[in-house]
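Subject: Structure handover

Hello,

Here is the structure you asked for. Please look at it first, then read the notes below.

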Amino acid sequence: RYCSLHFRTPAKPEPAPLTDQVLSGYDPELWRALQKEEFELFYQPRIDLRQGEICGAEALIRWRHPEKGLQSPDTFIPQCEASGLIVPMGYWIIQEAGRALPAIQEAGMEGRIGINLSFRQFQDTYLASTIERLLDEHNMSSQAMEFELTETALCNDEEHVRNTIEQLSRRGVEFSLDDFGTGYSSFSLLQKLPITTLKIDKSFVDGIPGNPDDEEIVRAIINLAHNLNKQVIAEGVETRAQLEFLIRHDCDQVQGFFFSRPVPLDQFLTLVSRRQKQ
Ligand code: C2E
Ligand code: CA
Ligand code: CA
Ligand code: CA
């Protein structure tokens, strides 16, 4: 299988004292930012195309840097993956989403919060059991969580990835396949893993309507998902024309700037309660 990201370092299930982390190679600035809670989750709504309502959200991390201001994940996630900091950071992300959940449900949102899981987090042997422990300790409903993974997750030991996903699925956690269509092993993944949702990558959505190849690919992914009894979400929807194409071709959900950018929690709550009142 094609995979350029294959590397292995010992898993770190729990944040250890600061000195250990620095010695072990985490970027000290990012580690400190994690300790000082400078990271923040933004939320982007997912819209159900049959009901026309918010039916979930994706949590997307931001760094409120004290001097440089709001930093997008592309500027620090790759570094966190390379050093392994994404492992403790990933647990912080799950806890933070869990803390936000009661307010989000209170505002009237039904459906799940999607949390991105990096391929690197699967190198933690204790991923499934730690997530289960977090769910228990924080009284988080597993029905309210969904994890988004990309095909690079399978750069790890395939059996370990499958066991992890199956263990959590049994508890009611769901999994979606992110950036669908851009990787190398989509079909074998679909066959092997209990994935409930496919997310059509923005690069294909960009070309609809108008680009015949992208139109064909989007239609094919929607049909594939439905034939396999899975839900399908189109990402990066920015225009009404894209939306209309997706409705016409029976896509289940959309996410994109056309409805809302990812926003801080308080703005997201306003968005949800305003929608519920309509
Ligand atoms: P992703 O998981 O594919 O997330 C979707 C990205 O598309 C987000 O960028 C989102 O803001 C952006 N997006 C959504 N709708 C539109 C649209 O209509 N137009 C355009 N131009 N963009 C749109 P963001 O937030 O910058 O995140 C980038 C990537 O960073 C994510 O891609 C994901 O791979 C990673 N990431 C973000 N948050 C987390 C996290 O909490 N954990 C991990 N492991 N990775 C994360
Ligand atoms: Ca995602
Ligand atoms: Ca994506
Ligand atoms: Ca992406």
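A term first: donors are N, O and S atoms within 2.8 Å of the metal, or 3.2 Å for Na, K and Ca, and sites may look incomplete because water is not among the atoms. This is a predicted model, in which local features need pLDDT of at least 70 and side-chain atom pairs count only at pLDDT 80 or more, while totals for chains, interfaces and linings use all residues. Residues are numbered from 1 along each chain as its sequence is written, chains are lettered from A and ligands numbered from 1 in the order in which they are written, and side-chain values use heavy atoms, with hydrogens and water left out.

The calcium ions

The calcium ion (ligand 4) is coordinated by OD atoms of Asp 179, at 3.0 to 3.1 Å. Asp 179 also bridges to the calcium ion (ligand 3), and these two ions lie 3.7 Å apart. This residue is in strand S6, residues 174-180. Strands (E, at least two residues) and helices (H or I, at least four) are DSSP runs, numbered from the N terminus.

Glu 58 is in strand S2 and Glu 148 in strand S5 (residues 145-149), so the pair ties together parts that are 90 residues apart in sequence. Asp 178 coordinates both ligand 2 and the calcium ion (ligand 3), which are 4.0 Å apart.

Ligand 1

Around ligand 1 there are 22 residues, and Ile 61, Arg 62, Asn 116, Glu 238 and Phe 257 come nearest. A residue counts as near if one of its heavy atoms lies within 4 Å.

- Arg 62, at 2.8 Å
- Asn 116, at 3.0 Å
- Glu 58, at 3.3 Å

Taken alone, ligand 1 exposes 800 Å², and the protein buries 80% of that. These areas come from the Shrake-Rupley method with a 1.4 Å probe. Strand S2 (53-65), helix H4 (86-106) and S6 each give two or more residues to the shell. S2 gives the most, with 4 residues.

Regards

Methods. A polar contact is a pair of N or O atoms within 3.5 Å; within protein, one must be able to donate a hydrogen and the other to accept it, and residues adjacent in sequence count only if both atoms are side-chain atoms.
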